[in-house]
Amino acid sequence: MPACSTEGTAAERALRRKTHDTIKRLTSDIEDRMHLNTAVSSLMELVNELYTFINRPRTAPRHATASPVGRVETPQTVAVLREAIDALVVMLSPFAPHTAEELWQLLGHREG
């Protein structure tokens with residue numbers, strides 16, 4: 001996976017920020033405080049942020065004459081989205097290990 005730079009759109013930066021804030025909060029909630037409800041709540045907030053990111057309005061390229069069948073994303077956008085989804089699945093694993101393992105494999109990762 002390509003490394004995500006600090007550049008990118010405001011939406012990409014917001015999703016990266018939310019992803020890393022969620023990792024920090026979940027780690028603290030589980031390891032330091034054993035607050036499982038707030039840990040799950042932070043995962044739900046990240047899912048909501050992913051929905052917002054995916055459904056954000058976009059402008060079509062100027063040269064496009066017809067609306068595209070699918071959305072064409074930049075490599076940077078795909079990398080940010082992939083980072084968030086991978087992190088979400090890893091953070092989900094303590095709560096739903098079998099589901100997280102299935103998701104991990106569906107995302108194309110090897111077992112482990």
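This is a predicted model: local features need pLDDT of at least 70, side-chain atom pairs count only at pLDDT 80 or more; totals for chains, interfaces and linings use all residues.
Helix H1 covers residues 10-33. Its 24 residues should span 34 Å at 1.5 Å a residue, and the separation of 32 Å between its end C-alpha atoms agrees with that expectation. Just after H1, Met34 adopts a positive phi of about 55°.

The buried residues of this helix are Glu12, Leu15, Lys18, Thr19, Thr22, Leu26 and Asp29. The cover over these buried positions includes helix H2, residues 36-54, and helix H3, residues 75-92.

Asp29 lies in helix H1. Its relative accessible area is 4%, so Asp29 counts as buried, the cut-off being under 20%. The side chain of Asp29 forms a polar contact of 3.1 Å with the side chain of Thr38.

When residues up to four places away in sequence are left aside, Asp29 touches Met34, His35, Thr38, Ala39 and Ser42. Thr38 is therefore both a neighbour in this list and the partner in the polar contact.

Thr27 and Ala39 are twelve residues apart in sequence, and their C-alpha atoms are 8.1 Å apart in space.

## Glu83 in helix H3

Glu83 is located in helix H3, one of the helices that cover the buried residues of H1. With a relative accessibility of 15%, Glu83 counts as buried because this value is under 20%. A polar contact of 2.9 Å links the side chain of Glu83 to the side chain of His20.

## Aromatic rings

Which residue places its charged end over the ring of Phe53? The residue is Arg56, whose charged end sits 4.0 Å from the centre of that ring. As for pairing between aromatic rings, the structure holds zero aromatic pairs.

How values were computed
Residues are numbered from 1 along each chain as its sequence is written. Side-chain values use heavy atoms; hydrogens and water are left out. Helices (H or I, at least four residues) and strands (E, at least two) are DSSP runs, numbered from the N terminus. Buried means under 20% relative accessible area, exposed over 50%, partly exposed in between (1.4 Å probe, protein chains only). A polar contact is a pair of N or O atoms within 3.5 Å; within protein, one must be able to donate a hydrogen and the other to accept it, and residues adjacent in sequence count only if both atoms are side-chain atoms. Contact means heavy atoms within 4.5 Å. The expected span of a helix is 1.5 Å times one less than its number of residues. Rings of Phe, Tyr and Trp (its six-membered ring) pair if their centres lie within 6.5 Å; planes under 30 degrees apart count as stacked, over 60 as edge-to-face and the rest as tilted. A charge sits over a ring if NZ of Lys or CZ of Arg is within 6 Å of the ring centre and within 35 degrees of the ring normal.
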